[in-house]
Amino acid sequence: MGYSGARGGLEAILAAEDLVRRKRDYASAAWASTEQITARFRLAVDRVMGEAGLYDEPTAADAFRQAEGDTLEASHLLRAQRSTLPRLAVSEPVDPGEMTVLRRIVPAFREPDGPQLLGRTSDYTGRLLERPDGPPEPSPQVPDTANGADRTEDQRSPRRFLDLLRTMDLVADGRAADDPEPHDITRKPARPPADRSAVLAAMARSESGALVALWYRSILGPDGDVHEITLGELRHGRLPLRVRHPHTGNPVAVGEFRVTEAEAIEDLDGAEEDRTRFDVGYGLCFGHNERKAIAMANLDIANRRFGRNGPLEQLLLLTIDGLDSGGFLEHLKLPHYVTFRSMTERKQAMRAAAEAGEEPPARAAEPAGKECR
């Protein structure tokens with residue numbers, strides 16, 4: 001779209017884009033390679049992959065560099081790239097129980113089945129700003145044990161905490177008897193009322209900050225949809241990616257991808273609820289993004305209990321996608337000369353009519369479904 005108010009028209013637009021490229025690509029600092037971004041900004045790369053809905057670390061790192069560190073813009077670039085790729089195959093369903101665990105904590109239980117693996121985190125130490133003058137001194141080579149190669153099978157894939165609660169008959173079983181096909185929000189937009197799979201997919205691809213803000217509103221805001229939440233289990237690990245072999249038809253593993261998985265527990269205490277059991281919410285997203293997975297699990301509970309009777313389901317499906325909300329906000333920077341001129345002329349006409357003693361025209365009703373503010 002052109003910017004007709006800028007002197008020079010198209011030349012001014014091209015010059016503005018060239019200024020971005022020159023300042024970014026020829027900055028007076030060392031070039032940030034794809035490998036550097038993937039290794040040193042892994043959480044940002046994981047966030048971009050999750051919000052774009054495409055798991056490929058090098059591509060996400062390139063998008064992050066092109067976007068100059070703007071994760072929302074990088075997600076936009078990555079999702080646009082995704083839309084140009086052919087669908088060569090559809091992956092097979094994968095059981096999260098197959099996860100090779102890199103980090104696993106069970107805040108709700110002191111001695112769960114399997115180990116508590118803190119993994120790579122600074123959750124339990126003080127975080128103060130460090131401002132080194134240069135790269136750190138070379139450190140002695142330490143064997144990398146984070147990949148779990150030295151662990152037993154039970155330690156790599158421990159029994160999940162939810163299974164323990166089910167053994168104790170403390171969980172309200174909300175599993176469906178059938179196995180419906182999940183809603184693919186990349187092919188068909190989801191609108192209320194929607195399946196649980198559509199809501200979970202929308203949350204997995206949402207802008208992380210928007211999802212956390214909506215979760216916090218559900219805790220302390222006027223809705224009050226969720227309370228007394230306990231984080232049951234949180235995992236970060238690798239899952240296998242399988243597709244059908246084109247000749248044999250058998251599933252074959254073609255790679256791995258990392259995910260974060262969370263299970264949240266809420267105490268059922270409603271008048272018509274089974275107060276002897278807990279409800280469990282679920283969250284899973286690409287990469288290492290614990291805030292998003294925990295918020296997902298909490299909002300999964302809230303949506304199943306209150307979404308159909310309030311605005312929560314609509315908020316989850318329509319307002320937390322970063323590209324939707326960010327794109328709508330960004331469009332405000334585009335020229336709105338005609339729209340604003342018509343608004344100005346309408347105000348002036350109404351004022352002139354009022355000064356002439358004429359009655360104001362009757363107000364037309366807003367279209368159905370549009371909220372007036």
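## R103 and E290

R103 is buried, at 2% relative accessible area; buried means under 20%, exposed over 50% and partly exposed in between, with a 1.4 Å probe and protein chains only. Its salt-bridge partner is E290, at 2.5 Å from N to O. A salt bridge here is a side-chain nitrogen of Lys or Arg within 4 Å of a carboxyl oxygen of Asp or Glu. The pair joins distant parts of the chain, with R103 in strand β1 and E290 in helix α10 (residues 290–306), 187 residues apart. E290 is also buried, with a relative accessible area of 16%.

## Basis of the values

This is a predicted model, in which local features need pLDDT of at least 70 and side-chain atom pairs count only at pLDDT 80 or more, while totals for chains, interfaces and linings use all residues. Residues are numbered from 1 along each chain as its sequence is written, and side-chain values use heavy atoms, without hydrogens and water. Helices (H or I, at least four residues) and strands (E, at least two) are DSSP runs, numbered from the N terminus.

## E98 and R242

Across the whole structure, 30 salt bridges are found. One of them pairs E98 with R242, with the closest N and O atoms 2.5 Å apart. E98 lies in the loop between α5 (71–83) and β1 (100–105) and R242 in strand β2 (residues 229–244), so this contact ties together parts 144 residues apart in sequence. E98 is partly exposed at 32% relative accessibility, as is R242 at 26%.

## Within helix α10

D300 and R304 form a salt bridge with closest N and O atoms 3.4 Å apart. Both residues lie in helix α10, four residues apart, or about one turn of the helix. D300 is buried at 3% relative accessible area, whereas R304 is partly exposed at 35%.
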